[in-house]
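Please look over the chains that follow, and keep them in view while reading about how they touch one another.

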Amino acid sequence: MNTASTDSRPVVLKVTELQCSYPVHGGGLLRRHEQRQQILHGVSFDLARAEALAIIGESGSGKTTLARAVLGLLPVDHGEVSWRGESLLQLSAEEMRLRRRDMQMVFQDPQASLNPRMTIGDILAEPLHTFYPNMAAVQVRERVRGMLKMVGLLPHVLNRYAHEFSGGQCQRIAIARALILNPRLLVCDEPVSALDVSIQAQIIYLLKDLQRKLQLSLLFIGHDLALVPYLCDRVMVLYMGEIMELADCDRLYSQPVHPYTRAMLAAIPRPDPDWRPESVTTRAHDTRSSSEERPPGCIFSDRCPHVQQRCLEERPRLRQVRRRQVSCHFAEALMADSDSN
Amino acid sequence: MLRYALERLLTAIPTLLLLITLAFFLIRLAPGGPFDAERALSPEIEQNLNQLYHLDEPLPLQYFRYLGQILRLDFGPSFQYRDWTVNQLIAQGFPVSLTIGGLALLLGLLAGVLIGMLAALRQNHWLDYLLMSLAMAGLSIPAFVLAPILVLLFAVHFGWLPAGGWEWRLQYMLLPILTLAMPLVAYVARLTRASMIEVMRTGFIRTARAKGLPLHQIVLRHAWKPALLPVVSYLGPAAAAVITGSVVIEKIFTIPGLGTYFVQGALNRDYTLVLGVVIFYGMLIILFNLLVDLLYAWMDPQIHLDSREGY
Amino acid sequence: MTAAMTPSLLQVSDLKVRFCTADGELQALRSVSFDMQPGEVLAVVGESGSGKTQLALALMGLLAENGSASGTAMFQGHDLLSCGQARLNRLRGSEMAMIFQDPESTLNPYLNIGRQMSEVLEQHRRMPHAQALQVAEEMLHQVRIGNPRECMQQYPHELSGGMQQRIVIAMGLLCQPALLIADEPTTALDVTVQADINRLMLDLRERYQTAIMLITHDLGVVAGLADRVLVLYAGQTMEYAAVRDLYRQPEHPYSRALVRAVPQLDSQHGAGLQPIPGNPPNPLQIPSGCPFRDRCEFAFTDCTATPLLRPARHGGQIACHLETLPE
Ligand SMILES: Nc1ncnc2c1ncn2[C@@H]1O[C@H](COP(=O)(O)OP(=O)(O)OP(=O)(O)O)[C@@H](O)[C@H]1O
Ligand SMILES: [Mg+2]
């Protein structure tokens, strides 16, 4: 769609070799030894101005962790996050707080992310009060009303509370709150997963519209690939904390390379009465502790229909294959295969 | 499990130390001394007595001497009951207190849980209202009011039971146990009812109903564990409440239990006796709480005592 | 196995569900009628709050305490709504089973899987415990659980959402029921798991001839699964049609809007994902007339009167005043 323009736009966010982990408490009261469970295993990507990048992965793949690490809401073990040329990991808490004005987030559960005891007007004005304490009341009101209009809500919602609204409306309010400070980066963590299909579409188009109008850089996190082409320019497929494939949407959808990407695409149900769902072999070990044992080779090898001996022994690196990044030993062969079909 | 228990016991040592220290110094703060009551005492004799019991030494020294004793589980001689050690007094009074307290606790739990479950299953039914009003009453009437009423009724009016005193016979135990158990029954009933109502609304109870299980099986198989968990957590405080309650009850019914010794000891500034009873009960409560935690872990499979993560 | 001599397995007519709330009476279902044949897959589709879950719960006799159902629901010769608790207990778990929206809260966290599964057979088939465990283990194998024996010993919190949902399905199928009600069985799961579970349900239907009522808000999910579709809006039937007709030539504007709201991968960008403007009405104050008229692009004066359910050209039923649906 806009491959060419992506390249010419300046990169605003650059993430290199990011590794993150969460503490898991082990041992008893006296001999407490802290273990850490690693979630992200070296994730690198960049995001240009006014570009929309989708981060897609199953539950537990580390999407939300990635978003939180980028926004500095989580300590990073290793790697680098730089925002407009400046490293974010070296900043003090206060400096980071000021940077965060530029980066805002929208969450999955619209109702839960809005304070139930505050009116919508107060919720929207709060960020302004925090960052611009001297802003005149008239100006604040002006800005709040303008924002409401922008997300397609009427001014009479200002004096009401979040529970009076449906999921879709709450998500509009959450988007308005995120945009009220004029951020440059908007991170949306599964913004439509909790919504009805009919309402999903509204929110997706609203986000697309705002992203274009405000020249926002957008990180869109989701758990399936169905909605991505309607909103994003590029897509990253994440599996157990590693990037499997990263490519322009056009390319990825017309010719998915990584077997995992293919499985994700095949799993999307089609609204077609003649289509039958195929089984996608789900994880062999289905227990909660899945991320503890990682195979020495390719992490997808235990589910991959094309698995070879090499996949079990050697971990593939993410590498450039014909204008896309893939982490598979047999990317070229798989591409040639689908070329000939 | 065993390792957890050992660790818990080890970590209880600082708690116990704090308890001993506080009790030791607090009782010394109270005015008067152990030998005040016997006014005929000449200064020389008092001096001798003080020397005998090391009461003439500076307080810190006494404190450490006492700690040393405790380490050997020796609570020392009683100041008041001559020729008796505190250990002997505890050995004599505790079985009585344990019988009354233990039976009261048991009765409180059984009756409370039964009443609570019944009320929950008949929620907003007249039976529920009746039981819960009774529970409310049971909670609000203090023991020193309830006990005389029971005595008037069963001992004086009907003459079925003795009004006080102690023998190892059921007649003598009934009224004290009833008085002691009453607030417990009431509280446990309310606790059980609330948690049972909540549990009966959960998804997995709905699943059980969708399986076609009859109500009694739903309760006996699916609901009782989660519904009783709050009661299990309450066991610790309940035991403490029973111990406190028994002090009053034993006084009212003139029962020679540990509580009576304790009250007597406190009035007479019998330092060693009071300290001994306090520490003994302290240890008991710590042990009891440990048992409760083990019980809780056994009931809730989501809890892993050895690796305490998350929960 | 099923003693049904009647042509349809389930015949629901004029089903209404009401709730007493602090804000007054709430009508979650306002006269819904449909029937299901043995072995049929019926999809019940609607937006959040349209009454899908309450429909299922009413049939299972599991409505919340403040709710009540009226109408009739004939199932194997018994009216589910009036047959009484004892009869219902004999049918539930053996002739009809239900899978709930949220797998995490469906299973009892205090009992291991084996216990929760075997009790169904012990209850309805009077099977001894050991044998029940064996049958349960076999059923776990049927729903493609890798290590059934180990799974039987585990507790729900040790299992992923997809595993839990498989177990719930296996539990529902233990007595080979004639009807399985699945309330959004895959909404809470990953797409790949969703595909697996859907495939699994189709296979199991094939094997056991179980009729399935599949509840969803996403028409994309049911296209390849269902035989017929019942579209609900604000507690009312909008359209009731064979699945092909509903996707290829829907006659109700709402059904068509739902079909078009589904994102489409195959077609070029622009197709699919067409939003339905506005929001569903507040269930406490549903306006008179057609409940969809505020959001309907074809609404006209007639729509202020409640449209009656009438036969449609495709052989199903619709509730709409429009003669033909404009392009
Ligand atoms: N116990 C209750 N008391 C009052 N209202 C209720 C109760 N249970 C459900 N409702 C209402 O009934 C209506 C229908 O609910 P239902 O759960 O059937 O919706 P649904 O179609 O399943 O939606 P979703 O897609 O969100 O699951 C809703 O408006 C809901 O608020
Ligand atoms: Mg529902």
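How much area do chain B and chain C bury between them? Chain B and chain C bury about 2300 Å², with 53% of it on carbon and sulfur atoms, where buried area is the accessible area (1.4 Å probe) that two parts lose on being put together, summed over both. Of the area that chain B buries against chain C, 27% comes from B:Arg206, B:Lys211 and B:Arg221, more than from any other three residues. This is a predicted model, in which local features need pLDDT of at least 70 and side-chain atom pairs count only at pLDDT 80 or more, while totals for chains, interfaces and linings use all residues. Residues are numbered from 1 along each chain as its sequence is written, chains are lettered from A in the order in which they are written, and side-chain values use heavy atoms, with hydrogens and water left out.

Between chain B and chain C there are 3 salt bridges, each a side-chain nitrogen of Lys or Arg within 4 Å of a carboxyl oxygen of Asp or Glu. In one of them B:Lys211 pairs with C:Glu119, the closest N and O atoms being 2.7 Å apart.

Chain C also meets chain A, with 52 residues of chain C in contact (heavy atoms within 4.5 Å) with 45 residues of chain A. These two chains bury about 4100 Å² between them, 57% of it on carbon and sulfur atoms, and C:Val191, C:Leu265 and C:Leu273 supply 17% of the area that chain C buries against chain A, more than any other three residues. Chain C and chain A are likewise joined by 3 salt bridges, including one between the side chains of C:Arg248 and A:Asp274 (3.3 Å, N to O).
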